[in-house]
Amino acid sequence: MKVISSKSDILNQDFIACGFRFITSEYYMSKENLASLHDLKKLFDTELEEDGLVYRKRAYLKLCWNKLNDLITVPMNQVYYQTPQSNKVDGGHVRQFKGMHAKVLEIPIVKSIITKNLKMLRHYQPLKMDKYLTVGLHFIRYEVSESGASYSSPDWLHQDDEPLVFIHLIHLSRYALGGDNLIADSSSQKITHVVRLENEIDTLVLNKNVYHAVTPLGSRKGVASRDVILFTVEPQYSQQCEMETICA
Ligand SMILES: [Fe+2]
């Protein structure tokens, strides 16, 4: 598996064909933004709400990015939609999650994640023609005690609606079991790679040339959690995205 830590052409032709890439935490972290990781982690304790399942909490912030003038806006419409094809469990209906406040965008490590992802996106060939992109920030905590299991939705191999998804690990408990990312060939659906995000801000980026899943989370001792930010990218027309509120 290729590991990229500093190059800006991460989403190159090789990535497009391969379907996934691991990006080490150093790509996003610096001496200047390291301390702010504490502030981001705290939000997972205070700002997330159960999303219908007791073992999973989340908050959501939808952004619109105008590539031409590099302006990020927060649309009034903050609902989230997945097709039934991409999510047999929760797809097919509009979901309204707890909203994450836009102040999160001021946290230096979040700024770094957004700036660097958008920099990569600017040159990403498959979305080159899209002047407006919708970016979804899904703040998700999987939380589990020794006797249970916490899992994502959908819970096995699938492709997302979004043509590009970054999975940024924010924190993984020491006693966590599982929570590994599986990559599978798109035609045979045979698993080809297992990727474990272990260090904070370790990142996996996926396109639709592979299937993927995350193994359920368990705990060896006490309560364990896995906190991630899913950074989803799609053309503006696939999620409603009116540009009412300018935030950055
Ligand atoms: Fe997914």
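Before we look at the chain, let me say that a residue is called buried if 20 or more other C-beta atoms lie within 10 Å of its own, exposed if 12 or fewer do, and partly exposed in between, with the C-beta atoms placed from the backbone. What you see is a predicted model, in which local features need pLDDT of at least 70 and side-chain atom pairs count only at pLDDT 80 or more, while totals for chains, interfaces and linings use all residues. Residues are numbered from 1 along each chain as its sequence is written.

The mean pLDDT, the predictor's confidence in each residue from 0 to 100, is 89 for this chain, and 88% of its residues reach 70 or more. Over residues 241–248, however, pLDDT stays under 50.

Of the 248 residues in the chain, 38% are buried, and the secondary structure comes to three helices and 17 strands, these being DSSP runs numbered from the N terminus (helices H or I, at least four residues; strands E, at least two).

Let me turn to helix α3, which takes in residues 108–122. Its buried residues are I109, V110, I113, I114, N117, M120 and L121. Seen down the axis of α3, they fall within an arc of 135°, taken from the directions from the helix axis to the C-beta atoms, and so they line one face of the helix. An α-helix has 3.6 residues a turn, so residues three or four places apart point the same way. On the other side of α3, T115 and K119 are exposed.

And what covers those buried residues? The cover includes α2 (37–46), together with the strands β8 (132–144), β9 (164–172) and β16 (224–235).

Methods: Two residues are in contact if their C-beta atoms, placed from the backbone, lie within 7 Å. The expected span of a helix is 1.5 Å times one less than its number of residues.
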